[in-house]
Amino acid sequence: MTDTTCYHCGDACGKNGVHFDDKDFCCNGCKTVYEIFTSNGLATYYEIEAKAGTTPSEVRKKYDFLDNQEIVDQLVEFNEDGVQVVSLSIPSIHCSSCIWVLENLNKLHSAITVSQVDFPKKTIRVTYRTQDFSLKALVLLLGSIGYEPYISLEEFNKKDKKVDRSLIYKLGVAGFAFGNVMLLSFPEYFEVQEFWLDQYKVVFRWLMFAFSLPVVFYAGQDYFISAYKGLRSKLLNIDVPIALGILTLFLRSTADIIFDLGSGFFDSLTGLVFFLLLGKFFQQKTYAYLSFERDYKSYFPIAVTRLTKSGEEENVQVYHIDKGDRILIRSHEIIPVDCILIKGNAEIDYSFVTGESEAVFRESGEKLFAGGKQIGDVLEVEVLKSVSQSYLTQLWGNAVFAKDKASHFQNITDSIGKRFTIAVLSIATLATMYWLVVDPTLALNVFTSVLIIACPCAIALAAPFTLGNMLRIFGKYKFYLKNTNVIERLAKIDTAIFDKTGTLTTNQKDTICYEGLELTEAETALLKTTLRASNHPLSRSLYDILKSNAIMTLDEFQEHTGKGIEGKANAHTIKVGSAAYVGEEQSTSMTNTAVYVSSDENVKGKFVFKNTYRDGIDRVFDALGLEYSLGILSGDNDGERNRLEALIPKNTSMLFNQKPEDKLEYVKKLQEEHKVLMVGDGLNDAGALAQSDVGLAVSENINVFSPACDGILDASNMQLLPRFLRLSKNAMQVIKMSFILSLCYNIVGLYFAVTGQLQPVIAAILMPLSSISIVVFTTIATNFLEKKLKN
């Protein structure tokens with residue numbers, strides 16, 4: 001099939017495009033906008049609701065749990081006086097057309113008053129009146145226009161997180177005080193002789209003192225707290241010399257104005273705190289719209305359909321399900337508990353849990369595990385364990401998920417901070433002892449001057465600005481890291497381990513080969529028409545590749561869950577499915593998924609589905625193999641071993657049939673001698689991702705799913721992974737060069753301080769100059785590194 005572009009916006013339509021009115025659209029938003037435009041404007045906009053189509057009955061049943069008021073109360077943000085406000089996740093938000101349609105929902109239903117889209121987070125916040133409307137009606141309305149919300153157990157459980165704006169407030173206070181103190185200090189710098197300035201000099205100095213109070217005791221309090229905690233733990237972190245410098249600046253400056261010895265160093269004090277907070281703000285300004293902590297709750301439904309003793313259906317919260325209950329699992333629903341199959345034929349996709357891409361078939365009386373997705377018809381199951389005791393919950397409850405990697409890793413700033421603190425205190429003590437002998441009147445001045453001029457503000461700024469800028473650059477190329485600490489850990493990696501399915505392979509392209517007798521045009525048309533009526537993933541993939549456009553009307557269609565489908569037209573029959581279903585004996589050596597076809601009970605051949613590896617994956621492994629030890633862990637069987645051996649370096653270790661706990665233990669053992677990077681995609685990799693020194697999740701859609709990880713890499717930029725790792729090491733070199741530059745400033749400043757020549761004007765020039773120059777240097781250096789990604 002040839003790629004088509006959207007008639008409305010020009011984007012590529014891809015596999016999920018919408019065909020309407022003989023035109024192709026990339027999403028339902030563009031299609032709906034086209035409908036509006038061709039309807040002569042908003043005057044006839046209400047006609048869209050009729051055109052958009054009715055909500056399928058299976059979708060309606062899917063959201064029956066929204067009839068439960070207890071669940072609705074948990075989901076809505078506001079519920080008072082007949083008005084409700086709710087935020088819903090809409091993964092299919094795609095472009096400006098989607099935003100336009102969703103922010104005009106009030107045109108589709110009069111009960112909706114306001115709808116606002118947050119595009120980066122892919123969410124919509126809707127305010128509506130509940131008199132003739134409800135949350136369920138809203139969800140069904142969104143589904144009817146192609147924007148079905150994603151409501152998961154994770155959304156149900158999460159508490160409202162208060163936005164922490166304290167850093168912004170502190171930065172504002174420090175910036176305001178810094179600007180005013182600098183203004184009041186100018187006459188002192190240049191020794192301006194003017195009557196009124198001399199008259200009010202004392203007032204200006206006390207004003208500077210007043211401005212410095214909130215800076216020291218509010219804006220700078222975190223540095224004192226961190227230094228105190230560090231000393232209590234017998235650690236000399238970088239905040240110890242910073243807190244010492246701030247305190248010394250404040251006390252020395254206060255003493256200067258009390259005893260009329262000068263104007264002090266209030267300008268340097270407020271500037272120091274301002275620049276430090278600016279660096280911290282820049283460092284924290286990261287990807288709030290991405291979730292690095294998603295777990296199994298991202299998949300689980302909020303509620304399930306439970307059968308009462310009288311056989312009636314009721315919707316209950318998933319946490320209210322107990323052992324012995326009977327529940328219904330509909331097509332494409334996640335199984336939330338370990339259970340026994342009572343009725344129906346189960347076709348379970350366990351790929352999220354085990355990594356095995358092939359569906360598992362189960363019959364009545366067999367056990368089903370939590371985390372699998374039912375692909376076929378509705379199932380009736382009996383609960384064996386509650387959600388909290390299920391296999392998947394226990395897997396996720398591993399202690400490794402509670403581990404804080406950052407707390408076990410000493411960053412470069414703190415490692416240098418320890419040596420710096422010892423050096424500064426030693427110089428200050430020796431210089432003071434010298435002046436006590438030579439000129440005791442200068443001893444105290446020299447001691448405080450050394451602590452003031454040697455305050456490591458430039459060193460403290462180097463890492464936040466370098467790594468913060470690297471986060472921005474990485475994000476520009478769809479590589480999103482949790483925080484700057486991850487970059488430092490990436491720079492120390494020496495071993496890289498990869499999952500196979502979904503990481504090295506892609507589900508966006510299907511490699512399907514036909515083996516057997518050639519199908520006639522009539523057989524191909526009948527086959528495509530039969531596949532059109534099935535919603536099975538393999539059926540959809542086959543339907544997409546068949547060339548025939550001669551869609552006909554079937555006389556009869558049957559779908560046998562777990563076996564295959566059958567279509568009849570004009571006295572001819574076509575069967576598609578397993579080997580046994582079409583009457584063929586399956587080869588025992590078959591390692592790939594195969595779908596067999598028979599025409600009029602005669603077996604014609606089979607369609608073989610093969611893994612499609614991401615473009616350039618061989619080059620990725622070749623580049624990484626030069627610097628890192630490599631390995632592959634896969635939940636699949638070893639049917640792909642030969643293909644993999646042709647793609648990757650010979651010394652790459654490969655392990656197949658690996659369960660989630662096997663992957664975790666393998667990584668844990670490697671960490672005894674190596675720093676390990678784990679690259680995976682699904683829940684089955686979550687334990688290994690959490691255990692590794694750095695865990696990266698490769699995702700086709702960064703907003704839909706990512707397991708607990710340190711970073712998310714968009715699958716389209718997988719080939720850039722070696723460059724990202726190399727740039728992490730280069731970023732650490734930039735920080736070390738910044739430290740050397742900062743050291744040069746300190747040496748110059750210390751000369752003036754130790755010799756007793758430090759004047760306020762020298763401190764006012766050197767301290768901001770060192771900070772600004774470090775920021776400029778790191779910005780230029782990291783922007784230069786960005787060019788390496790482009791080449």
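I started with helix 6 (residues 135-144): eight of its 10 residues are buried, so the rest of the structure largely encloses it. I count a residue as buried under 20% relative accessible area, exposed over 50% and partly exposed in between, with a 1.4 Å probe and protein chains only. Helices here are DSSP runs of H or I with at least four residues, strands are E runs of at least two, and both are numbered from the N terminus.

Ground rules for my notes: this is a predicted model, so I take local features only at pLDDT of at least 70 and side-chain atom pairs at pLDDT 80 or more, while totals for chains, interfaces and linings use all residues. Residues are numbered from 1 along each chain as its sequence is written, and side-chain values use heavy atoms, without hydrogens and water.

Back to helix 6: I listed its buried residues as Leu-135, Lys-136, Leu-138, Val-139, Leu-140, Leu-141, Leu-142 and Ser-144. Gly-146 follows the helix, with a positive phi near 90°.

Next, the cores. I use nonpolar core for buried Ala, Val, Leu, Ile, Met, Phe, Trp, Tyr and Cys residues joined through side-chain atoms within 4.5 Å. The largest has 52 residues, and Leu-481, Leu-490, Phe-498, Leu-504 and Leu-677 touch the most other members. Helix 27 (residues 721-754) supplies its largest share, nine residues. I also found a second, separate core of 43 residues, which includes Cys-13, Leu-75, Leu-138 and Ala-303.

Last, the whole chain. I get 28 helices and 28 strands, and 51% of the 791 residues are buried. Of contacts (heavy atoms within 4.5 Å) between residues at least 6 apart in sequence, 66% join residues at least 24 apart.
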